[in-house]
Amino acid sequence: MKRILIVEDEDKIARFLELELVHEGYEVVKKHDGRSGLEAALSGSFSLMILDIMLPGINGLEVLRRLRKTSELPVIMLTARDQVMDKVNGLDMGADDYMTKPFAVEELLARIRLVLRKHSSSEPETAAGSGHIHQIRGLVMDESAHTVKYQGKEISLTNKEFQLLRELMINCNVVLSRETILSSVWGYDYVGETNVVDVYVRFLRHKIDDAVGEKFILTVRGVGYVIKDEHRE
């Protein structure tokens, strides 16, 4: 049975989510402040965390920041705020998805299923050690070790950033549309923000371009994104 951790300080919302998730067959644990939520998340016994931003003690963004130092536990952020920067900050710190209150519980359940499915489908590939190594202009991705390095120095990526970079690297010199990337990385039935591809490309550029010292992921206006290597056909 999948275990879901709810970190939400509003009792009514936490209880409502608990009832809905239990009805769907999940096991649920609730925490009502950031510190206890972080401690529970770090126990490593959960399949997913629903994390509110406005929490007593440690806010949700700080919980996520500390969590991502050691854990790739899937996280869906939950908040009453509806500001673009709140969403960007949450995604930049490694959140898998983001929902703004008020929300339809059916949509939340759909996003939970999608995140769990994507997470579980990516685990066997890395755990089994496919051994696939992709190299483009000095950037080396080792799928089995789940690492990306440039000139021997590792570049820290979230799981979703890794998947996005892999898709671009294995399709070197091929321009991928946003729709193609969305389908390949997030799933054809993704129900989140439609500009998530642009957001994550921006995250990747910040990390990869800084490490490589040049523009690595190129934009083809009106089409999509591509990584080019003149030494490949």
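Colleague: Where is proline 102 found?

Modeller: Keep in mind that this is a predicted model. Proline 102 sits in the loop between strand E5 (97-100) and helix H5 (105-128).

Colleague: And what kind of peptide bond joins lysine 101 and proline 102?

Modeller: General idea to begin with: most peptide bonds are trans. Here, though, lysine 101 and proline 102 are joined by a cis peptide bond, with omega at about -5°.

Colleague: OK, on to phi. What should I look for?

Modeller: Most residues other than glycine have a negative phi. Now look at arginine 137: its phi is positive, near 50°. You'll find arginine 137 in the loop between strand E6 (133-136) and strand E7 (139-142).

Colleague: Why does glutamine 151 count as exposed?

Modeller: Because its relative accessibility is 69%, and exposed means over 50%. Arginine 137 has a relative accessible area of 28%, so it is partly exposed.

Colleague: What about confidence: what is the mean pLDDT of the protein?

Modeller: The mean is 85, and 88% of the residues reach 70 or more. Over residues 123-131, however, the pLDDT is below 50. Beyond near neighbours in sequence, that stretch has 10 contacts in the model.

Note on methods. Residues numbered from 1 in each chain as written. Predicted model: local features only at pLDDT ≥ 70, side-chain atom pairs only at ≥ 80, totals over all residues. Heavy atoms only, no water. Helix = DSSP H or I, 4+ residues; strand = E, 2+ residues; numbered from the N terminus. Buried < 20%, exposed > 50% of the residue type's maximum accessible area, 1.4 Å probe, protein only. pLDDT = per-residue confidence, 0-100. Contact = heavy atoms within 4.5 Å.
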